[in-house]
Amino acid sequence: MPTASVDGGLFAAVDIGASSGRVILGRIGTGADAADGGPARATLDVVHRFPNAVMQSDGGLRWDFDALFAEVLTGLAAAGKAAAEQGETIMSIGIDTWAVDYGLVNKAGELTAQPYSYRDERSRAAVARVHGKLDPARLYATTGLQFLQFNTLYQLATEPDLDGLQALLIPDLIAFRLTGQRRTEATNASTTGLFDALAGEWASELFGSMGLPKDLFPPLIQPGETLGTLLTGIAERTGLPAATKVVAVGSHDTASAVAAVPAEQENFAYISSGTWSLVGLELNSPVLTEASRAANFTNERGVDGTTRYLRNVGGLWLLSECQRAWAEGGYRPAIGDLLDAAAALPPSGPRINPDDPAFIAPDNMPDRIRAAARNTGAVLPDDPAAIVRCILDSLAAGYARTIADAERLAGVGVDVVHIVGGGSQNALLCQLTAQATGKPVIAGPVEATALGNVLIQARAAGVATGGLPQLRRIVGAGTSLRRYEPLDLTLNSSTN
């Protein structure tokens, strides 16, 4: 990205995914090459990276939240130091992570156990129990949420005793540890299965039907609202001023990513491509029809009260798990070489359903993909390039199918597809998506989630102004984007 001048604000973004996390310093300023009044631009500087992974503990797959929070503090200390070296102060902190998972805290604010991961199988058996109390059609008419066995609602149904406890979604749990304030950010609340998609509030009748405490989750807070300031002990550990604000952003990472889609027109589809692929449209209101439920589409809250109408499709988890399995066997090819070999294969190879629940848990992914191909009557050789091509062909086909369904169900047409996140660097995936959808694909930015996080903080501070179209212009002004046409069959490289 172009270098920014120092006329804008400086913000810290805590951005954590299911496999890694970062603390990033973001600035909104005028580009140095446009100091005479050119467009505002966002620049990012990663000051701390750290791994994140599930662990087998206490009878299930869990997150090591204590270790995760320690990394967050390390990152915030690094961000404060970097800002001080520039003679500046961080204006605020924003937090985004994956959705649906939560930690339970008691009245003293103590975490009762390390949070379960959505990849744990415990919630599978709870689905039937929940649907015995809540008719799925009624549930969808209220929440508009795609059925996924790991939705928060099903996870909560496995908890033996919730009396005297509160559930804090992972970004809210981090914010609580930083500020002492308990709130639930609205975009993430909308992924729980207990949120009214039309009213934009907790669905109190669902809590009653499930026998859940009415105050199980803290009150809602909207993106852009200030949650609080740093606790004294946190300020001392990080070196940041105690007056540093923690501002709610789109704390569901997809909400932040969609806010940073550099769309120049209204009729666009987006694919937030990473561990999962979130594929859909941005709408002004939810689609709660029976046809939408049958198609298993979700209506999640977006920034500024928008609706993220989307489906979860399998993602690059399949590829990363294959790489892990191959590495354990001693085969460690460079990802670029692997993608080039896959690109050289013909397009008529086997395809699988990439969002099959069989792929959720970590295991020997290459064997599972080959087994899935056999179940379709195809033969997939035990060749890494062929398996990678199968994954990417299958993802592109899934993207095209999902976008076409979204257009039909929402009654809108799409002119262009934006791919943001890590998958935007995969030229083969982007080109295959253009071919499969028959629409141009615009790839980038890679760091959409962090950009969306920073932009909402900047607007809250008055450094950026306007609605989502104005914020998206800031992204477009500072990002190098790549366009793929559906008829362009040339793949010059495997990554941008």
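The model is predicted: local features need pLDDT of at least 70, side-chain atom pairs count only at pLDDT 80 or more, and totals for chains, interfaces and linings use all residues. Residues are numbered from 1 along each chain as its sequence is written, and side-chain values use heavy atoms, without hydrogens and water.

The axes of α11 (residues 317–328) and α14 (residues 384–410) cross at roughly 165° and come within 10 Å; axes are lines fitted to C-alpha atoms over the stretch in contact, with angles from 0 to 180 degrees between N-to-C directions. Their crossing is right-handed, the near helix being turned clockwise from the far one by less than a right angle.

## Residues in the contact

From α11, Leu318, Leu319, Cys322 and Trp326 meet Pro384, Ile387, Val388 and Ile391 of α14, with contact meaning heavy atoms within 4.5 Å. The contact has eight nonpolar residues, no polar and no charged ones (nonpolar: Ala, Val, Leu, Ile, Met, Phe, Trp, Tyr, Cys and Pro; charged: Asp, Glu, Lys and Arg; polar: the others, Gly among them).

## Lining of the second largest pocket

The second largest pocket is lined by 30 residues. A pocket is an open set of points, on a 1 Å grid over the protein atoms alone, where a 1.4 Å probe fits, with protein on both sides within 12 Å along at least five of seven lines; lining residues have an atom within 4 Å of a point. Gln265, Glu266, Asn267, Phe268 and Glu282 lie nearest the pocket's centre. The lining comprises 16 nonpolar, eight polar and six charged residues.

Methods:
Helices (H or I, at least four residues) and strands (E, at least two) are DSSP runs, numbered from the N terminus.
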